[in-house]
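Me: I'd like to learn how to read a model like this one, feature by feature. Can you walk me through it?

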Amino acid sequence: MPDARVHDTPDTPPAPPCTLVIFGAGGDLTKRLLMPALYNLAGGGLLDQKFSVLGVDHNPLTDDGWRDDLTGTMESFTKDTSAEFHAERIDPRSWGFIRERLHVMQGDFSEEATFRDLAGRLTGNVVFYLAVSARFFGPIVKGLGKAGLLKQGDGAFRRVVIEKPFGVDLASAKALNETILAQGDESQFYRIDHFLGKETVQSILALRFANALLEPIWRSEYVDHVEITAAETIGVEERGRFYEPTGALRDMVPNHLFQLLTMVAMEPPGSFDAEAVRDEKTRLVTAIRPVSPQDAVRGQYAAGREEGKAVPAYRDEPDVAKDSRTETYVALKLAIDNPRWSGVPFYLRTGKRLADRHTAITVHFKPAPFTLFRGADGDEPASNVMRLNIDPEPGSFTGLNVKRPGPQMHLAAIESGFRYADFFDPAPTVGYETLLYDCMMGDPTLFQRADTIEASWAAVDPLIKAWKDAPVCLYPAGSPGPKEAEELLSRDGRAWLPLGKK
Ligand SMILES: NC(=O)C1=CN([C@@H]2O[C@H](COP(=O)(O)OP(=O)(O)OC[C@H]3O[C@@H](n4cnc5c(N)ncnc54)[C@H](OP(=O)(O)O)[C@@H]3O)[C@@H](O)[C@H]2O)C=CC1
Ligand SMILES: O=C1O[C@H](COP(=O)(O)O)[C@@H](O)[C@H](O)[C@H]1O
């Protein structure tokens, strides 16, 4: 089934002809996310007949071998309902379109010969996708620059998609920006954040700015506080080697959670022009007051139970130190120093092995005046709460007060809402479709600019420094997180919405 965006806009033009060079052809991201995304784009008629893929990897792959491997992986998605991409069947026409355009070359990212070989093979429009470990981002961009592969001319574009994590702190992010911008122009670099590929995240701007109902009340006069949660039930799985030096703060906050924050809190841009949107995002992130350790909680999962089954502690996961102090959970209270949000706390939390998988933004409004309803027991109007659900069941729900049926004026709290699935075809997309398409089209709106990335790291840098040798608060796997995170809100007279509330 085509991408929902494609389905709803049959006049969307195909991307211009281009070669997609994937560094990391044999890797996990390529198999699990990039290939399904290309398949969906092909199904939606969004790729040009002259589109092709050139994979690069140090493993000895052949065109036929790579095509067969990837065909096997695509077929496996029909059986695996827990995969990011799941389809009842793989459409032979859409997959055939991609399969016959797959080519691969063996090459080491740290050798000049790889880039010379590439230069001999490439002409015209090229998107280089760095589906590789972050330690290769700088060296690959340098290799491309040195081999002249980033020179644009005769109307042809050369663009580079850079995966996350983009740096590990402010200093390293600045250094990486300096390295890559020495080889090309900012407009050639597409720093990806897959949360921005989620339809529901993009829709936040439509919800806020296309509804006259919401925009006037989306500010400190009416909003009491905002909660952003990205809770996962999975543990660190096989990623211990990456996760140990990274932790939940670096893995999720300055990138994914801040992108959600910008969508919900930025000022209206003058237009949907990429730079207008990105200017407002940077302005918002710059207004985040650097987080102090008193306003943050770091946790790590201990052994626990999930769906009745025992699950190991983080410290017993593969490639994790027995005395690890890496956080698998983080909760923060943020202040945004601008006129719209002055005095409105933003509470963010994310963690692994929590009670529920649930990504949502919840806007808690200030209570309505009580006067009218005074005198009737239990009839204090509940504060209105608007919940924007992103995963797993996209939609939005608003808590309202109505009159309970009966002879007297008694209040009842109800919820009014909409589920995406009730209005739109549930398209099995992986989020990378829009991002790949936009990159080929030259639209960087959903990608992160150098200044936004640096401002995001600047906001969390004090915490990164303070947490260098700090202890973690343990929480049982399968629980809502450490009790200290509850206290972060209870000391303000507030509470997180319970995990699992849909
Ligand atoms: N996997 C995922 O779900 C997600 C990944 N990402 C990001 O995407 C990027 C790629 O991740 P992932 O696919 O998991 O990584 P992998 O390690 O699975 O893939 C990298 C590929 O590059 C190969 N490789 C390693 N070193 C070299 C070298 N010197 N020269 C040539 N080839 C080499 C690896 O081969 P070998 O294994 O033999 O070393 C492997 O085939 C990372 O930045 C990650 O953070 C982002 C979101 C999700
Ligand atoms: O980038 C990452 O994101 C995932 C969560 O993404 P989602 O789309 O599945 O919600 C997270 O599990 C992973 O640790 C992180 O690297």
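This is a predicted model: local features need pLDDT of at least 70, side-chain atom pairs count only at pLDDT 80 or more; totals for chains, interfaces and linings use all residues.

Me: Which domains is the chain divided into?

Reply: Domain bounds come from an automatic or database domain assignment. Here you get domain 1 (4-163) and domain 2 (196-367 + 447-490). Their C-alpha centres lie 30 Å apart.

Me: How does a UniProt domain feature read here, and at which residues is it placed?

Reply: UniProt positions are given in the numbering used here, feature names are shortened, and annotations may be inferred rather than shown by experiment. The unreviewed UniProt entry puts "domain: Glucose-6-phosphate dehydrogenase NAD-binding" at residues 21-202. That span is 41% helix and 15% strand, and its end C-alpha atoms lie 27 Å apart. Helices (H or I, at least four residues) and strands (E, at least two) are DSSP runs, numbered from the N terminus.

Me: Next, ligands. How many residues surround ligand 1?

Reply: A residue is near a molecule if its C-beta atom, placed from the backbone, lies within 6 Å of it. For ligand 1 that gives 19 residues, and the closest are Gly24, Gly26, Gly27, Leu29 and His58. Helix α2 (residues 28-43) supplies the largest share of this shell, three residues. For classes, Ala, Val, Leu, Ile, Met, Phe, Trp, Tyr, Cys and Pro count as nonpolar, Asp, Glu, Lys and Arg as charged, and the others, Gly among them, as polar. The shell around ligand 1 splits into five nonpolar, eight polar and six charged residues.

Me: And which residues surround ligand 2?

Reply: Glu232, Asp251, Thr359 and Asp391 do. By class, that's no nonpolar, one polar and three charged residues.

Me: Which residues does UniProt list for "binding site"?

Reply: The unreviewed UniProt entry lists His194, Lys198, Glu232, Asp251 and Lys352. Glu232 and Asp251 also turn up around ligand 2.

Me: Is His194 buried or exposed?

Reply: A residue is buried if 20 or more other C-beta atoms lie within 10 Å of its own, exposed if 12 or fewer, and partly exposed in between, with C-beta atoms placed from the backbone. His194 is buried because 20 other C-beta atoms lie within 10 Å. Lys198 has 21 such neighbours, so Lys198 counts as buried too. His194 lies in the loop between β6 (189-191) and α8 (199-209), and Lys198 has its place in the loop between β6 and α8.

Me: What is His194 in contact with?

Reply: Contact means that two C-beta atoms, placed from the backbone, lie within 7 Å. Leaving aside neighbours within four places in sequence, His194 is in contact with Gly431 and Tyr432. On that basis, Lys198 touches Ile390 and Gly431.

Me: Tyr432 belongs to a helix, I think. Which residues of α13 are buried?

Reply: Tyr432, Glu433, Thr434, Leu435, Leu436, Tyr437, Cys439 and Met440 are. So α13 (residues 432-441) is mostly covered, with eight of its ten residues buried. Just after α13, Gly442 takes a positive phi of about 80 degrees.

Me: How many bridges join β7 to β12?

Reply: Two strands pair if DSSP finds at least two bridges between them. Six bridges join β7 to strand β12 (residues 346-351), and the two run parallel. Ile228 stands opposite Leu348 in β12. With strand β13 (residues 358-365), β7 pairs in the antiparallel sense over eight bridges, and His225 stands opposite His364 there. Strand β7 (residues 223-231) has seven of its nine residues buried.

Me: Where are the cis peptide bonds?

Reply: One joins Lys164 and Pro165, with omega about 0 degrees. Another joins Asp391 and Pro392, with omega about -5 degrees. Asp391 is also one of the residues around ligand 2.

Me: What about phi in Asp319 and Arg353?

Reply: Asp319 has a positive phi of about 65 degrees although it is not a glycine. Arg353 has a positive phi as well, near 55 degrees. Asp319 counts as exposed because it has 12 C-beta neighbours inside 10 Å, whereas Arg353 counts as buried because it has 29.

Notes:
Residues are numbered from 1 along each chain as its sequence is written. Chains are lettered from A and ligands numbered from 1 in the order in which they are written.
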